Amino acid sequence: MAFSDLLSQIMEWPLKRKIALVAAIVMSVGLIAGVVFWSERIDYQVLYSNLSAEDAGQVVGKLKEMKIVYRAEGNVIFVPSSRVYDLRLELAAMGIPQGGGVGYEIFDKTQFGVTEFVQKLNYRRALQGEIARTIKQLSEVDQCRVHIAIPERTVFTEKEERPSASVVLKLKAGRVLNQDQIGGIAHLVSSSVEGLQTKDIAVIDNMGNLLSKVAGGGDDSIADSKQIEFQRNVNKEYESRLQSMLEGITGKGKAIVRVTAKIDFAQVERTEEKYDPDSIAVRNEQRTTEKNAGQSPGGIPGVLSNQPAQTPQTASAVGASSQKQSENINYEVSRSISKIVQPRGEVKNISVAVLVDGTYKKEGDKSVYVPRTDSELKKYEDLIKGAVGFNKDRGDQVVVENISFETPAEEVFTTKTDYMSIVTTVMKYVVPLLVVLIMALFVIKPVIEMLKTTSVQSVRERPGTMPELAEVSLSEVSPLETIKENVLVTVKSDPRKAAAVLKDWLTE
C-alpha cells in the first residue's frame, strides 16, 4: 500500500478517528522524548558539603575554569557522579578547599605599603588558620576555630605577660574526644606559638562545654581524669571477657555481667631496715702493745754535784722494765635495708555480679521457663573466679543469680545500602523498555488494526469483488477451517467469478 493511498484513506476517516490517531502520535512522541531526556539527564552527586563561604567561592571558581557542569545549593556543591572522585583529587592537589580561615597563603601576594601592625595581624591570622586546619585532620573534629592572644612587648612594664589561646571544636555526630586527645590538641597549640604554655589554653566544644581542665585544675585534674578513664577501661575489659565466656556457654543474650574493680592509684615508697640478732660479725679489731725500759735517775748532764750517791737498791732499780697490752674488738649485728616502691594501678579488690537466664522448653504453643540448677550456677561461679583471679584475702566478691529475662528484642543489623542509586540505575534501562512495550500494545497495534479494517472496507466497496472473498482475506475474521470451507463453496458455485477476482488481485 502506497503512502498516498494510506494518506487518502486516513483523510476519509471520521473526525473522532482522526483525533484519536493524532493524540496517539503526540503521546508516543512525548513519551519517547521524555524517556530520552530522562535517560540522558545528568546524575549529580555531592562534591563538597558544609563549606564556608570562602571555600565554596574558590571551588565554584575552579569548576568554572575547568568548564565542569555543577549545581550549588547553599553550601553544598553537586557535580556529575562520574567526575566526583576525579574532581576531589584535582582540587586537593590545588589546595582547595582550604578548610576555612586563612593560612600562610596570605603572604603569597606581595603587598607594598603595609604597616608593621598589619603584618603582625596577618601573621596571627595565618597562624590561627594553619593550626585550625591541622586540628581538623582529627577524625572526630568537624570544624575548628583557634584564637590566639599575644600581648605586646614593651620595655615600660616589669611584669611579662604570657600569651594565651582558646580552641573551639565542633565534633562530628556521635564522636567524643578523650583526655589524651584534648591534651594533644593543647600541646599542639602550645608548641606552635612561642612562649605559650599548655595551662594557658582552653579547649571547648560548640555547646560551650569545657573540655580541657588544664587551665582550672592543672596537672591534678588531668591525672584524675586519666585515672577514671583507666578504671573504666579495666571494668570494661573484665566485663567483655566474662560476657564472651558466659555467652559461649549459655547462649547469646543469656548473661549480663557487671564488674567493679577498686584500683589504688597511690604510689607508696617504703624503706625497711631489719637486724638479725642471730648473725654477728666482727666490724673492726684493734690491738695495742706498750713496752717501757728502766733508766737511772740523775741530774742535769754535766753537773756532777747533782748526782746522788748510788746504793745497791738504786742500782737494781735502774735495770727494771714494764709492758702494757690492750685489745679492742667491735662486733656488728647484721642488718638489711630495702626500698620498696608500690606501683600505681594496683587492683585492691574486684566485685562481679552476673545474671544468667534460664532455659525454655516448648509446651504446646507456649515457652515454659526452666531455671538453672545449683550445680550449673556453681560451675559458672568457679569459672568467673578463675577468670578474674579471685582472691578471698583481698575481699573479692562474685555473685551469680539465675533470673528469667524478658523476651529479648532481636538485634537487627542493617547494612547501609544506597538503594536509590540502585533503583535509579535499574529504572534507567527498564523504563525505556516499558515505554516501547506500552507503545507497541496500545498505540501501534490499534493503528495497524485500524488500517486493516480500512483496507477490508475498501475491498468490499470495490466493484466486481465478492464480499465472501473479502471477508476471507483476513485471518482475524474467521478461523482457518471456516475460511477454507467458504473458499471451496464459492469456487464450486461460481468458478468464473472466482477466477475474475483472482485475476484482479494479480493485476494489482
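# Reading a predicted chain

Tutor: The protein chain has 13 helices and 13 strands. Helices (H or I, at least four residues) and strands (E, at least two) are DSSP runs, numbered from the N terminus. This is a predicted model, where local features need pLDDT of at least 70 and side-chain atom pairs count only at pLDDT 80 or more, while totals for chains, interfaces and linings use all residues. Residues are numbered from 1 along each chain as its sequence is written, and side-chain values use heavy atoms, with hydrogens and water left out.

Student: What share of the 508 residues counts as buried?

Tutor: Start with the cut-offs. Buried means under 20% relative accessible area, exposed over 50%, partly exposed in between (1.4 Å probe, protein chains only). Here 21% of the 508 residues count as buried. The accessible surface of the chain is about 36400 Å², and 56% of that belongs to carbon and sulfur atoms. Areas come from the Shrake-Rupley method with a 1.4 Å probe; for residues, only the protein chains shown count as cover.

Student: How do I read a sheet? In what order do the strands of the open sheet stand?

Tutor: Strands of a sheet pair through backbone hydrogen bonds, either parallel or antiparallel. Two strands pair if DSSP finds at least two bridges between them. In this open sheet the 3 strands run in the order 7-10-13, with mixed pairing. Strand 7 (255–264) and strand 13 (397–402) each have a single partner strand, so one side of each lacks a neighbour in the sheet. On average, neighbouring strands here are turned by 10 degrees against each other, direction ignored.

Student: How do strand 10 and strand 13 pair, and what packs on the sheet?

Tutor: Strand 10 (residues 346–356) pairs with strand 13 in the parallel sense over 6 bridges. S351 stands opposite Q397 in strand 13. Helix 9 (residues 374–388) packs on the sheet and touches strand 10 and strand 13. Its direction makes about 150 degrees with that of strand 13. Contact means heavy atoms within 4.5 Å. Axes are lines fitted to C-alpha atoms, for helices over the stretch in contact, and angles run from 0 to 180 degrees between N-to-C directions.

Student: How many salt bridges are there?

Tutor: Side chains of opposite charge can pair when their charged atoms come close. The rule asks for a side-chain nitrogen of Lys or Arg within 4 Å of a carboxyl oxygen of Asp or Glu. By this rule the count is 12. In one of them, E381 and K385 meet at 3.3 Å, N to O. These two are 4 residues apart in helix 9, so about one helical turn separates them. K385 is partly exposed, at 25% relative accessibility.

Student: Is D396 buried or exposed?

Tutor: D396 is buried, with a relative accessible area of 7%. Its salt bridge partner is R394, at 2.7 Å, N to O. R394 is partly exposed at 27%. Elsewhere, salt bridges that share partners join E285, R287 and E327 into one network.
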